[in-house]
Amino acid sequence: MSAATTRSRTPDRLCAEAVDLARAAAEEAAAPGVVGEHEGLVSEGDRVVTHFFACKELGYRGWRWAVTVARASRAKVVTVDEAVLLPGPDALLAPEWVPWSERLRPGDMGPGDLLPTDAEDLRLEPGYSGEDEPAPNAAVSGEMADLAEAEDADVTAGSPAGLPVAPSRGSIAAVAEELGMRRARVLSRYGLHSAADRWEEAFGSKTPMAQAAPAACVSCGFLVAIGGSLGQAFGVCANEFSPADGRVVSLAYGCGGHSEAAVMPKPPQPAPPVIDETRVDPFPLRPAADSGSVTVTEDESSADLGHS
């Protein structure tokens, strides 16, 4: 450990003894009677010491008045650098501020609430591009046709007429399996209507959430389409902040989490600070006694209770 480090951790004697000077500075910055007993000091560097005084201000439990004093090299006069009110180890502090987008949890949305979506939301992407060419993964695209021919060439060694056993691809059973119909029983028309009635009652157009929604699910980017005849009237919600997340919803249903209901505005960029080091602007730590809407009272019993 160097000598300079040792000196910086050892409080300067003259600065450490300037308790009265530090108290006077704290009482000048604070209101009368709120500066308590001396709670210790700490060395900030060579000939720089910070004195701590208890704060008796109501609502500032655990806070301390910190007064920093210093002296020049080879000088015997101690001066005050600053006097501020700082929280102590057990101070009562406000909780850390969290943006609303991080505080929001699934289920917090109610009827009439709007949830803005960021223009660059990673959960959404452009739908119809406006081009006439099919998408690369479309069934009618050229790439998919070439891939289908290559798969057929890998499965069959030749034409079906020259094979000893007819391939199952293209048979009625294979087509039924691809369509999801190769089961002992499937939903009847009554079963379909019964399911549709339940889903419509739970997440339909007549629910309070849908009545207060800015738009319907049919135009929402978080809607996942389902196949079959039920896909003409229902889909699956994929918005984690929606009350219908993971549920089958009616295309006429809606909530405040609609992807196009409101776009989240970009936060304004503050101007760079301009620091004028040629002058000092005094700022009072406490408002004037006659600046509020409540008249000043001299009753000590009522003054201790404070007012809002």
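Is cysteine 237 buried or exposed? Select it: cysteine 237 has 11% relative accessibility, so it counts as buried (under 20% relative accessible area; over 50% would be exposed, and in between partly exposed, with a 1.4 Å probe and protein chains only).

Before going on, keep in mind that this is a predicted model, where local features need pLDDT of at least 70, side-chain atom pairs count only at pLDDT 80 or more, and totals for chains, interfaces and linings use all residues. Residues are numbered from 1 along each chain as its sequence is written, and side-chain values use heavy atoms, leaving out hydrogens and water.

A disulfide here takes a pair of cysteine sulfur atoms within 2.5 Å.

Now jump to cysteine 217, also buried, at 10% relative accessibility. The closest cysteine sulfur sits in cysteine 220, 6.1 Å away, so again too far for a bond. The disulfide count comes to 0.

Colour by pLDDT (the predictor's confidence in each residue, from 0 to 100). The protein averages 78, and 70% of the residues score at least 70. Over residues 1-7 the value is below 50, and this stretch has 4 contacts beyond near neighbours in sequence (heavy atoms within 4.5 Å).

Last stop: select Ala25, Glu28, Ala29, Ala30, Ala83, Phe283, Pro284, Leu285 and Arg286, which line the second largest pocket. By class, that lining holds 7 nonpolar, no polar and 2 charged residues.

Methods:
1 Å grid on protein atoms, 1.4 Å probe; cavity = no way out; pocket = protein on both sides within 12 Å on 5 of 7 lines; lining within 4 Å. Nonpolar A, V, L, I, M, F, W, Y, C, P; charged D, E, K, R; others polar.
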